Amino acid sequence: MHPLIHLALSLPSWQDEQPFLVTGLALGGVYALSGVGMIVLFRTTGVLNLSFGAVGAFGALISWQLINHSGMNQWLAYLACVLFGGVITLAYGMVFGRALAGRDPLVKTTATLGLTLILLGAMDLLWTSNGGASRSISLPTDNHGFMVGQIQVTTTDVIALAIGVAITVATTLFLRYSRLGTAMRAMANDREITATLGVPVRRVEASAWFGCGIVAGISGILLADLVALDATTLTFLVISSLAAALIARLSSIWITFIAAIIIGVVDAGVTPITSLTNYRDMTPFVLAAIALGFLNRKRVLSLARQEF
Amino acid sequence: MRSYHLLPRMRIGLASVAAVALLALAGCGSSGSSKSASGGGATTSAAGTSSAPAGSTGTSGGGTASGGVSSCGPKPGQKATGSPINIGTIDTHQPGTDFTDGPNMIQAYFNCVNDNGGVNGHPLKLFVELDQTQPAQITAAAHKLIQSDHVVAIDGVFDLLECTLDQSYWKGLGIFEMDAGIAPECWSTPNSAAVNMGPRYSSDGAVQYAIDVAKAKKIVFVQSNVPGTGYIAAGPSALAKASNVPIKELTENVPINDANSVALNLVNSAGPDGWVVLNFTPPEALVILQAAQKLGLEDRVKGWGCSTPCNTDFLAKALGPKWNRKLFVNAELASPDDHSGPEWDLYKGILSKYGSSVAGGIGSFSQMGFVLAKFLVQALQNVHGAYTMKSVNDAIVGIKDYKTSMICEPWTYGKVALHIPNNTDYTTTPDNGKMVTAQGCTPISAADPQIAQYRAAAKAAGI
């Protein structure tokens with residue numbers, strides 16, 4: 001049978017497809033949250049923080065440890081995760097951000113892979129998967145929800161999407177109307193000129209690093225609940241957010257948000273299509289490639305023009 | 001037409017995606033690279049590795065074994081002082097797949113034996129080689145164990161690939177390995193025998209329960225999208241076909257990033273009279289089951305099943321009471337939560353006194369390590385004369401009807417073309433944070449052609 005015919009025959013009905021779109025929205029919301037956090041840091045410091053997922057994963061595992069082995073109140077444990085994200089990211093930014101400030105953005109970005117690997121190794125060491133160990137975080141909001149069609153939508157799903165929207169709106173307003181936000185936008189254009197104008201660039205950078213870390217911590221908790229409390233899984237979920245940021249050309253917060261939602265929905269929506277389901281992990285790459293190809297369709301590389 | 005300088009930020013983005021993707025591949029596929037140092041460490045200092053729970057040996061150095069633990073050896077409280085008998089094992093140890101609880105439990109058992117007279121006065125020395133599923137590393141480890149460490153037996157292999165890669169080497173040397181396997185060759189070759197049933201026959205058991213006991217009208221069998229899934233699915237498929245029950249086989253990429261969609265798809269595929277059978281590691285199974293619970297799907301099918309990896313209290317605790325008697329797990333070994341007796345006391349005693357390095361504590365991995373160590377020691381005690389590779393392996397292949405309360409039927413090695421000595425199993429179910437027995441010992445159906453082949457071969461060999 002021709003592959004296209006096979007594909008057409010395996011398509012689910014619209015009624016069967018709807019629940020998958022609902023589940024994809026929540027996932028897309030958290031991808032958006034992560035993507036927006038990365039964009040804000042990039043626009044301020046020129047660093048694309050690839051350790052975003054690892055920071056969130058580490059924080060989530062700390063929360064799990066505090067809840068299950070120290071008997072800590074779970075909300076305090078989640079707060080610890082968020083603070084861990086902020087502190088570790090701020091510490092990295094203060095130590096390495098300054099040292100790498102004058103380097104090429106690609107170098108700055110690659111350096112964050114070092115933090116990723118360190119955190120990944122530490123997580124594997126501290127929270128081994130030996131003996132069938134399986135960990136999970138279940139937010140209290142998982143126990144409440146409402147039915148949409150055939151499936152239950154939990155309050156956590158709604159919160160994930162709502163926080164994604166809220167962070168996007170708040171960040172947009174913050175960058176546009178607050179003094180710190182204005183300083184961040186100025187730094188994105190030219191760090192040196194901004195410094196000569198009297199803007200405390202290090203303080204502004206510190207704010208951006210800390211804010212990015214806080215968002216990483218929030219994303220970590222939500223993704224640990226919505227996806228899995230697994231170091232490797234959470235660390236590399238950053239790929240979906242990165243693809244969304246790439247579609248937005250690492251500049252537009254709103255395009256990042258919309259792209260992340262689309263990635264989440266398409267990823268989930270492909271699940272019941274038998275012939276495609278095992279390829280759905282490619283969704284972020286495929287959508288990013290399509291978007292970049294479309295955006296650049298009328299452009300040629302200057303290199304080509306110079307040579308010919 | 002506009003000219004366009006490829007924006008620096010786009011270069012960064014593209015390079016970043018490529019870098020993270022490569023890192024992800026490295027993390028998923030051969031993440032051993034990040035572990036090779038430790039694996040290498042274990043390899044280059046195997047003698048040191050063999051004394052990993054040295055602290056526990058030291059604490060028991062006084063030789064006053066207590067609490068029934070001394071029954072592991074023939075001379076309670078008397079340390080073995082003879083020349084050591086070298087035993088080797090190869091085990092997977094990489095992020096996400098850490099089987100070292102198995103060899104660590106064997107080491108704990110050996111330490112107990114060594115503190116209580118040894119084997120005919122000889123202490124047992126375990127050489128552990130850890131690998132990160134790199135074929136060259138595994139074959140090199142086998143050669144090192146034989147040529148450098150001079151081991152006379154291979155016992156307690158917990159590995160993803162070892163059975164596949166080393167069979168011809170063992171056969172050439174006349175070694176009969178004892179393992180808790182994963183790869184098909186652990187059961188389909190003459191020089192390997194496992195105490196576990198592995199993914200295929202355990203999945204058979206889970207499907208068999210769904211069809212014979214729960215009377216499910218349809219089976220949805222789902223497992224990781226990795227090489228070898230066809231071999232595993234062939235068993236459940238044969239069982240379902242023999243019972244005229246439709247079966248749908250699915251695979252999922254791991255790690256699972258969108259468990260909600262996966263759970264929804266499974267439930268939709270099975271329908272209200274269907275049964276979903278999972279063949280995943282505990283973390284992956286957990287995310288699917290929890291997603292089903294969050295979406296309110298757990299009651300939308302007749303029931304849920306799982307192969308042996310789900311038989312862990314970790315999973316039962318994480319799932320909570322909502323899954324009591326809704327999930328039925330095929331169990332190759334008896335549940336520690338509702339079995340007791342002298343052997344269980346010994347197992348728990350050894351774990352408590354010598355097993356500080358067994359991270360998972362009580363569970364399938366340490367149980368399998370216990371059984372593998374116990375059977376080997378029992379076989380070695382029957383060797384008369386010097387402990388050579390030949391005399392030891394003659395004793396191992398001669399194992400017949402060794403009994404343990406941890407597996408259903410007596411265990412036999414024997415000279416047959418394939419070995420599935422553990423082919424009768426339990427079914428367990430979560431019960432308020434513990435896994436308890438839902439169905440006692442039940443033979444795996446001979447509708448699986450490999451089970452039928454083994455039983456015929458065993459019968460012909462007089463086993």
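1. Helices α2(A) and α9(A) are roughly antiparallel to each other (the term covers angles over 145 degrees). This model is predicted, so that local features need pLDDT of at least 70 and side-chain atom pairs count only at pLDDT 80 or more, whereas totals for chains, interfaces and linings use all residues. Residues are numbered from 1 along each chain as its sequence is written, and chains are lettered from A and ligands numbered from 1 in the order of writing.

2. The helices α2 (residues 14-45) and α9 (residues 201-226) of chain A pack at about 165 degrees, with axes 9 Å apart, the axes being lines fitted to C-alpha atoms over the stretch in contact and the angles running from 0 to 180 degrees between N-to-C directions. Helices are DSSP runs of H or I with at least four residues, and strands are runs of E with at least two. By class, the contact of α2(A) with α9(A) has 16 nonpolar, 6 polar and 1 charged residues, where Ala, Val, Leu, Ile, Met, Phe, Trp, Tyr, Cys and Pro count as nonpolar, Asp, Glu, Lys and Arg as charged, and the others, Gly among them, as polar.

3. In chain B, an open sheet of 7 strands with mixed pairing runs in the order β9-β8-β10-β11-β12-β13-β14; two strands pair if DSSP finds at least two bridges between them. Strands β9 (247-252) and β14 (434-443) of chain B stand at the edges with a single partner strand each, so one side of each has no neighbour in the sheet.

4. Strand β13 (residues 424-431) of chain B pairs with β14(B) in the antiparallel sense over 7 bridges, and Pro430(B) stands opposite Met435(B) in β14(B).

Key
Parallel < 35°, antiparallel > 145°, perpendicular 65-115°, else oblique.
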